[in-house]
Amino acid sequence: MNENLRIVSVSLMAPPYTTLHYRLPEWLPEDMWCAGLRVAVPLGARGTLRAGVIAACGCAPDTVPQGIELKAVLWPLEFVPLLGEEYLEMVRQLAVRQMVPPGQILGMLLPAGLRSAGVRLRVRAGGRPRTLRLRDIAKMADSERHVLASHWSAGRVEVLEPETDEAENDICHVTADPPWPVRPAARRQTEVLEYLWENGPVSRRRMLHDLGTGAQTPLLTLAERGLVHVGPLDAEQAEVCGCGIDSACHTEAFENQLFELTDAQQAALRACTDAVESDSAETRLLFGITGSGKTAVYLELARACLEKGLSVMLLAPEVALACKLYRDVQLRFPGLPAVLYHGYQSAHEREQQFLNLAAQAREGRPVLIAGTRSALFLPVASLGAVVLDEEHDASFKQDERLSYQAKEVAWFRVAQSKGALVLGSATPDVKTFHAVREGHMPGIVLSERVGGGTLPAVELVNIKDNAVKETILAPQTLTRIKETVTRGEQAVILLNRRGYAPLMYCLDCGSVARCPECEIGLTYHKGRERLVCHYCGHSVPFPSPCAKCRGVHYLPMGEGTEKLEETLSTMLPHGKKVLRLDRDSTRRPGRMEQILAAFAREESSILVGTQMLSKGHHFPSVTLAVVADGDIGLNMPDYRATERTFQLLVQAAGRAGRGERPGSVIIQTRDPAHYCWDYIRNCDYEGFFEKELEARRKRRYPPFVKLALIRLSYPMDWPQGQDRVNALASAVRASGRELGVSVLGPAPAPLPVLRGRRRFQCLLKASDWKTIRMLFHAARQGVPASSRLRLSLDLDPVNML
């Protein structure tokens with residue numbers, strides 16, 4: 001046998017994540033080993049077992065250092081490879097971009113159960129079946145392994161999932177909104193409720209790990225009282241857990257408007273299908289105003305792909321919108337092979353989805369996937385198209401763990417199969433629209449609303465000198481709201497600030513209640529009777545003694561959605577109700593579905609919410625949209641602050657006038673002279689684009705340069721932290737001069753302290769990504785692995801905080 005064929009490289013999916021060489025064992029046939037196969041391998045002197053993926057077979061002997069005796073792969077974890085060559089190539093490219101080993105990428109992309117070496121083998125041979133663990137195989141003699149291998153080859157061995165205990169399968173979540181009927185002295189019960197409220201449905205194992213085993217008794221007590229659910233989720237709960245859009249929210253509009261495409265929609269569909277049928281990968285921007293029927297084009301494109309034997313992905317920036325797309329597919333095409341995938345599903349469910357899709361991919365069966373950005377990493381065969389709805393949304397960029405831009409990953413995936421990437425938005429990303437203007441991609445325009453409706457009229461209301469202190473809403477705004485609900489119509493009110501009051505001011509010493517870990521003002525949540533940090537989750541009961549003077553006299557400052565809901569409920573005519581849609585009101589499984597369904601059934605006249613209600617929802621009876629504080633995002637320390645404000649408010653305005661009755665929009669502002677408002681009033685995206693592009697050209701921001709952030713942080717109690725940052729800063733600036741990279745900073749981050757760490761960042765500007773990566777590599781070489789200084793690179797950052 002050719003000895004070259006006996007050497008494989010394996011990427012470990014757990015620390016140290018490295019790629020190592022192993023020899024193939026003699027007890028299993030040579031032809032079963034190939035790239036993409038998951039295997040168990042021994043690591044280190046003790047032979048600790050790790051799960052890995054074969055990256056390459058037939059490695060040359062000279063790639064192994066002389067004098068090194070290779071260990072043998074212990075056993076495969078599957079009969080056929082989980083991952084195909086295209087998937088492995090995506091992993092390799094992500095590893096290069098992130099400058100980490102491929103195993104670390106695999107460890108972040110694959111569901112937890114698929115990167116574990118804890119599988120068991122069920123052997124059905126020789127009478128009574130027996131179960132073997134991998135460590136049992138490691139202790140066998142070679143002769144025993146040969147016998148086991150013969151059973152494996154004959155199909156008499158079954159691979160079982162890693163063992164899970166009852167605590168892993170039990171899902172815990174609250175079943176009632178705060179305030180909860182819990183005695184003040186029952187602190188552990190309150191701790192459990194607050195934990196579940198902040199984290200959403202979690203396994204009992206994870207909760208006990210985070211809170212300690214002492215949380216078991218209060219958890220069971222709360223379960224007996226009906227305040228907490230403990231146990232497996234039923235099918236209905238699992239589907240709506242954390243998301244849920246009831247079909248009542250859009251079924252009528254869907255049936256009345258989307259079955260017959262307009263001429264403009266037909267033209268848009270032809271342009272997209274032409275891109276799919278092209279001999280090379282293509283990108284299209286579907287630029288359609290709110291209500292123009294972009295979803296109908298997506299669905300017809302999906303059907304066209306499936307009829308050609310091609311898979312398609314319909315991706316949305318939020319779970320709620322992904323669920324809506326999935327239900328649109330179910331309504332439009334009953335029986336279509338469709339899958340819903342998002343991060344709120346259980347780990348077991350995501351694992352099964354991955355395995356099922358991998359099997360379909362091996363058989364070449366096409367599938368439609370509706371989901372969020374993480375669905376991009378599912379294995380599929382012959383990907384014909386990827387659609388990113390609301391492509392401008394910042395949620396398509398992930399900053400934590402694996403940093404990636406969904407648009408770039410989507411382009412790579414369609415390029416592998418010469419498919420099409422469709423970017424849809426009423427307010428495209430400036431960089432995307434610039435690419436269209438420069439001829440890098442064609443643009444498709446939908447300039448009219450389906451059904452002949454018109455865009456709502458937009459009115460500005462100056463609240464700079466608003467004398468009314470009870471609410472942020474100006475008197476004329478309140479009058480319009482009352483008139484709207486009196487006519488039997490509905491209104492949506494956007495206030496992108498949750499909680500009751502953003503700040504709590506101590507009347508005794510004049511200080512603001514702040515988070516001890518983040519030095520950020522705590523937000524008052526009246527329903528929970530807590531002061532909460534929206535960044536790290538730290539919370540304390542309210543009232544609590546002031547950290548500076550120990551006083552307990554506070555004045556709530558500002559207004560959040562919780563307070564606005566309370567205020568409006570007291571001002572509306574009798575019988576008119578108010579609902580609230582924000583992260584706090586939708587934490588319970590299915591609660592978002594209940595709120596949106598109730599509003600769609602017109603059980604409430606007003607829906608108050610954060611940006612969750614600004615896009616994707618269709619309520620024909622809504623004739624008034626109010627933006628309570630249009631200035632919130634304008635002064636953020638971000639070069640895209642104005643662009644994001646424009647996008648958010650145009651999307652919010654698009655909720656009004658989607659039925660037969662005309663709509664109107666009120667935007668409250670303290671700066672009515674800002675240039676942004678004129679473009680919003682006229683829904684003039686192209687005019688705004690020209691204005692914004694000129695500003696970026698002058699200041700050298702994307703799309704005219706490549707932009708990156710080096711983020712640095714160290715513990716607040718580390719005395720040497722600032723000196724280490726200063727030393728690293730000098731090295732980074734020196735490297736920047738050599739490589740032609742403009743280095744700004746490091747300067748304290750806009751959020752200078754977060755989760756107990758002081759934060760700094762360097763802004764990098766260059767003509768290409770390669771030089772930025774080279775600079776970061778040089779910077780990282782100067783930071784020892786044992787250092788308390790953390791260093792990370794964010795290419796094309798979306799979150800500048």
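Which residues line the largest cavity? The close-ups below start there. The model is predicted, so local features need pLDDT of at least 70 and side-chain atom pairs count only at pLDDT 80 or more, while totals for chains, interfaces and linings use all residues. Residues are numbered from 1 along each chain as its sequence is written, and side-chain values use heavy atoms, with hydrogens and water left out.

**View 1. The lining of the largest cavity.** Ser 11, Val 53, Ile 54, Ala 55, Leu 88, Val 91, Arg 92, Pro 102 and Leu 106 form this lining. A cavity is a set of points, on a 1 Å grid over the protein atoms alone, where a 1.4 Å probe fits but cannot get out, and lining residues have an atom within 4 Å of a point. At least two lining residues come from each of strand 4 (48–57), helix 1 (85–98) and helix 2 (102–109). Helices (H or I, at least four residues) and strands (E, at least two) are DSSP runs, numbered from the N terminus. By type, the lining has seven nonpolar residues, one polar and one charged; Ala, Val, Leu, Ile, Met, Phe, Trp, Tyr, Cys and Pro count as nonpolar, Asp, Glu, Lys and Arg as charged, and the others, Gly among them, as polar.

**View 2. Two cis peptide bonds between prolines.** Pro 15 and Pro 16 are joined by a cis peptide bond with omega about 10°. Look for Pro 16 in the loop between strand 1 (7–12) and strand 2 (19–23). Another cis bond runs from Pro 702 to Pro 703, with omega near 15°. Pro 703 sits in the loop that links helix 22 (685–699) to strand 32 (706–715).

View 3. Glu 390 is not a glycine, yet its phi is positive, near 55°. You will find Glu 390 in the loop between strand 16 (383–389) and strand 17 (397–398). Glu 390 counts as buried because its relative accessibility is 6%; buried means under 20% relative accessible area, exposed over 50%, and partly exposed in between (1.4 Å probe, protein chains only). Arg 755, also not a glycine, has a positive phi of about 50°. The loop between strand 33 (742–754) and strand 34 (757–766) holds Arg 755, which at 49% relative accessibility is partly exposed.

**View 4. Helix 6 packing with helix 7.** Helix 6 (residues 187–199) and helix 7 (residues 204–211) meet at an angle of about 120°, their axes 12 Å apart. Axes are lines fitted to C-alpha atoms, for helices over the stretch in contact, and angles run from 0 to 180 degrees between N-to-C directions. The two helices, helix 6 and helix 7, are therefore oblique to each other; angles under 35 degrees count as roughly parallel, over 145 as roughly antiparallel, 65 to 115 as roughly perpendicular and the rest as oblique.

View 5. Ser 203 belongs to strand 10 (residues 202–203) and is buried, at 10% relative accessibility. Between Ser 203 and Glu 168 there are 5.5 Å in space, C-alpha to C-alpha, although they are 35 residues apart in sequence. Leu 728 belongs to helix 23 (residues 721–739) and is buried, with a relative accessible area of 7%. Leu 728 and Arg 780 are 52 residues apart in sequence, with 9.2 Å from C-alpha to C-alpha.

Conventions: On a 1 Å grid over the protein atoms alone, a cavity is a set of points where a 1.4 Å probe fits but cannot get out, and a pocket is an open set with protein on both sides within 12 Å along at least five of seven lines; lining residues have an atom within 4 Å of a point.
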